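Here is a short report on one protein model.

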Amino acid sequence: LEIRLDELRQDQQAGREVQRRMLPENQAQIGGIEFQYNILPSLYLSGDFVDYFPVTNEKVLFYIADVSGHGASSAFVTVLLKNMTNRLRRNLKRQSSDDILYPEQVLDRINRELVDARLGKHVSMFLGLIDLPTSVLSYSVGGQFPMPILKNAQGTRYLEGRSQPAGLFIGAEYQCHQVELGDEFELIVLSDGILEVLPQKRLAEKEACLLEMVEKQQLKAAPLKELLALNDGKEVPDDITLLTLSRIC
């Protein structure tokens, strides 16, 4: 039994290392936009995933994904997501497909491939594409909740949009939304695990709390664990991911 447990630990460690290497740098600047993220897994492996990268000289793509369930089976789907987006990037370079330039088409591709794979898993996603010269965000939503929070000169607010998670129904439809980010902005994207550790009881109160934290610049990627008071041995009931994008002129 001890030998089997040791083998399991080694497998988990190997899987965690593979997942870590798939993630982007924890802090990066792309086209004048600063990206930061923090992932707090509920188990050794995480079903949450983030990525961001330049698609062209003028466009940057990013996404946050929350795979249903926990542990190794959910982490495996994050590998598939990484492979799918890498394949779409290669297709653009080969000029065989420009799907990656349209967030709704990317989500549609992910949905169809997950449904066809019959893994019994679905994924909630928010996928955005920023046009750097115009500072316009085009985005598509696949079951993402809570919605990202945008803070700019117009105020602090949740973005709009909803749709079904990817991997549930072959006929799911995804739309493209657009919003002007402005010269200076902060965009906060969260997985729903954060809702389970907030002290408020009602969902509306939790959403109002997150909005207030962004308004007061209290919700940051780096001190996330301390901010949520999770350093005192509290168990994390679900994976928690925080991705921030910001630009200050």
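## A buried tyrosine and its partner

Tyr 52 is buried, at 5% relative accessibility. Buried means under 20% relative accessible area, exposed means over 50%, and partly exposed lies in between (1.4 Å probe, protein chains only). Phe 35 is buried as well, at 0%.

The model is predicted: local features need pLDDT of at least 70, side-chain atom pairs count only at pLDDT 80 or more, and totals for chains, interfaces and linings use all residues. Residues are numbered from 1 along each chain as its sequence is written, and side-chain values use heavy atoms, with hydrogens and water left out.

## Aromatic rings

The whole structure has six aromatic pairs. Rings of Phe, Tyr and Trp (its six-membered ring) pair if their centres lie within 6.5 Å; planes under 30 degrees apart count as stacked, over 60 as edge-to-face and the rest as tilted. Phe 35 and Tyr 52 make a stacked pair, because their ring centres are 4.6 Å apart and their planes lie at 25°. Phe 35 sits in strand S2 (residues 33–40) and Tyr 52 in strand S3 (residues 48–54), so the pair ties together parts 17 residues apart in sequence. Strands (E, at least two residues) and helices (H or I, at least four) are DSSP runs, numbered from the N terminus.

One aromatic cluster is formed by Phe 35, Tyr 37, Tyr 52, Phe 62, Phe 126 and Tyr 139. Arg 89 lies over the face of Phe 53, 4.0 Å from the ring centre. For a charge to sit over a ring, NZ of Lys or CZ of Arg must be within 6 Å of the ring centre and within 35 degrees of the ring normal.

## The six-stranded sheet

Six strands form an open sheet with antiparallel pairing, in the order S1-S2-S11-S10-S7-S8. Two strands pair if DSSP finds at least two bridges between them. Strands S1 (27–30) and S8 (155–158) are the edges, each pairing on one side only. From one strand to the next, the twist averages 15°. Axes are lines fitted to C-alpha atoms, for helices over the stretch in contact, and angles run from 0 to 180 degrees between N-to-C directions.

Strands S10 (residues 185–190) and S11 (residues 240–247) are antiparallel and share six bridges. Val 189 has Leu 243 in S11 as its bridge partner. Helix H4 (residues 203–215) packs on the sheet and touches strand S7 (149–152), S8 and S10. Contact means heavy atoms within 4.5 Å. The direction of H4 makes about 145° with that of S8.

## Cysteines

Cys 209 is buried at 16%, whereas Cys 176 is partly exposed at 36%.
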